[in-house]
Amino acid sequence: MLDYIKKISWYIVSNKKRYILIVIFLMLANLLDIIPPQLIGRTIDLINNGELTAAMTRNILLIFIGVIISTYVVSYWWGYLLFEGAIKIESILRSRLMRKFLLLSPGFYERSKTGDLMAKATNDLKTVNMATGFGIITLLDATTFLLTIILVMGITISWPLTIFALLPLPLLAVVESRLGKMINTRHKASQEAFGVMNDAVLEVVEGVRLTRSYVQESAENKRFHKLTDNYLKKFMKVEQLDAFFQPLTIIVVSLSIAISFGYGAVLVNNGVITVGELITFNVYLNMLIWPMFALGMLFNIMERGNASYDRIQGVLDESDDLNDSGDQEINGTLFNFDDVTFKYPSGEYNSLENITLELNKGETLGIVGKTGSGKSTFIKQLLKIYPEGTGNLIIDGLNISTLDRKKLRDKLGYVSQENILFSKTVRENILFGKPDASPRELDEAIRLSAFDEDLKRMPDGLDTLVGEKGVSLSGGQKQRISIARSLIKSPDILILDDALSAVDARTEQRIINHIKENRTGKTTIIITHRLSAVHHADKIIVLDKGKIVEEGTHDMLSKGRGWYGEQNDYFLTGGDSE
Ligand SMILES: Nc1ncnc2c1ncn2[C@@H]1O[C@H](COP(=O)(O)OP(=O)(O)OP(=O)(O)O)[C@@H](O)[C@H]1O
């Protein structure tokens, strides 16, 4: 449990004032709490001795009212400060997590499950909030209250009676600490199962159309039921331990009450304490139920918080496997691949092998080849998405390893195969490429990407909502919005990764012509399965199993007997050459 306090000590230290105030208010609240039992005991003794006057009764009532109002005010403030502190640590950690998510490389996302990352960003952060709010309050309140009551019982009534009555307490502490440790392990397992289940929810929702079309609803249901069951079992294992805390506290407090009545009666008989004092003592003892029960909860909440904090910290500690040492600017005058070989961190074979190539500013490079031949991997190396392989990738005389990722990507306009759109309007999705673009630039990007005709048919034009991930658009429309998003940036280097696959041949030619006209002096890289998209390229490379197997212009390659020539003939003859 103290482990968790140590882990969040950075937060407590940076919020010293808040926590000092909380402790002061809590102490005040505890001091106020000990007044009523004293008043009860003394009033009983006054009644017993026939000494209670009307003035005394009025004063006692006034003190009671004063105590109630002060307790209310003081409790309001510690509660407010504490829970505000808890929600703040949750939001600080959430921001750190989001920053990390935005920074981490694809390697991390290949290792992690989306559902688990979501669990960390929601459930685990909530648990940390609970531990820092309820946990800390319980720790401060329960321990200070417990100590105050024990001191008051000892000082105002009898130390021997106090010590005897509290003998069962250490037993409770030992058992609860053991239970806490077990809860830590089980909570981690339960959160992991929650992450897996979360992931399945995402898959089920995203794949619902596919599931229906293959009539796999019942199989999917069974798979999901298994995961829910697994989570339920793991969650119940935590709850099983949780259920021990309350009966345990009741048993220990009952033992204390039994001891106090037995030994207390002896002390009353011997005239060491009065009957009123024994009653006051037992009222205090009953008041110990809350802090003792709270201490049990404390082990529970803190250990859950501890486990969740570790899961979040695990992500925050992930190191970025890309090196961003330099701060030099580039303008893409010359790209030089010098014997570049690359294997994915989880891959078994090289996805690029001995790539040597030069690309000058203003040139258009076409990349073609069989599926899985390494075309996208070539681009990912250029975008510095994965750690480099061997060989050198030099841009403007600088090794890519020394370039700052953000500065490099700022020069690039990249349209990926996935065409990711945000659930916003068409306008917002295009302006994502250049938020401060003028209306003229926006219109031009739409025209260049041949999206103007489609836009006329959209119900709200540029303000049409595209739905989640662009669900309300056709594949070709999504592609052209993605192209417009990159063209509006007017990047020094434009990369289209199979970005025209879903548009018809005429639209493809319109876009290619626009790009040719508008990007003179700027570099363009086009990856495609349709050779017509790269006829105009200054240089075309054909990749096969990660190697460049052909290189030249369309005229040169189409005459050859290699893959390019074969593909070209195939398209010219409409597939009759097969
Ligand atoms: N993240 C990854 N981890 C491991 N291997 C990968 C990863 N991404 C791609 N590969 C492998 O690298 C090889 C090249 O993949 P790449 O995506 O570059 O091919 P491509 O030519 O772009 O294919 P396509 O035309 O189908 O888009 C393939 O064998 C693929 O399985």
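How many helices and strands are there in the protein chain? I counted from the assignment: the protein chain has 22 helices and ten strands. Helices (H or I, at least four residues) and strands (E, at least two) are DSSP runs, numbered from the N terminus.

**Ground rules.** I am working on a predicted model, where local features need pLDDT of at least 70, side-chain atom pairs count only at pLDDT 80 or more, and totals for chains, interfaces and linings use all residues. Residue numbers start from 1 along each chain as its sequence is written.

**Whole chain.** I looked up burial next. Of the 578 residues in the protein chain, 34% are buried. Buried requires 20 or more other C-beta atoms within 10 Å of the residue's own; exposed is 12 or fewer, partly exposed lies in between, and C-beta atoms are placed from the backbone. I then took contacts between residues at least 6 apart in sequence: 81% of them join residues at least 24 apart. A contact here means C-beta atoms, placed from the backbone, within 7 Å.

**Annotated segments.** I checked the unreviewed UniProt entry. Its "transmembrane region" annotation covers residues 20-40, 60-83, 128-151, 157-175, 243-263 and 283-302. UniProt positions follow the numbering used here, feature names are shortened, and annotations may be inferred rather than shown by experiment. I inspected two of these stretches. Residues 128-151 are 100% helix and 0% strand, with end C-alpha atoms 33 Å apart. Residues 243-263 are also 100% helix and 0% strand, and there the end C-alpha atoms are 32 Å apart.

**Strand β7.** I moved on to residues 493-497. Is β7 mostly covered or uncovered? Five of its five residues are buried, so by the cut-off above β7 is mostly covered. One side carries Ile493, Ile495 and Asp497, the other Leu494 and Leu496, and all are buried.

I traced its partners. Strands pair if DSSP finds at least two bridges between them. β6 (residues 412-415) runs parallel to β7 over four bridges, with leucine 412 bridged to isoleucine 493. β8 (residues 523-527) pairs with β7 in the parallel sense over five bridges.

β7, helix α20 (residues 505-518) and β8 form a right-handed β-α-β unit. Right-handed means that, with the strands pointing away from the viewer, the path from the first strand over the helix to the second runs clockwise.

Terms used: Two residues are in contact if their C-beta atoms, placed from the backbone, lie within 7 Å.
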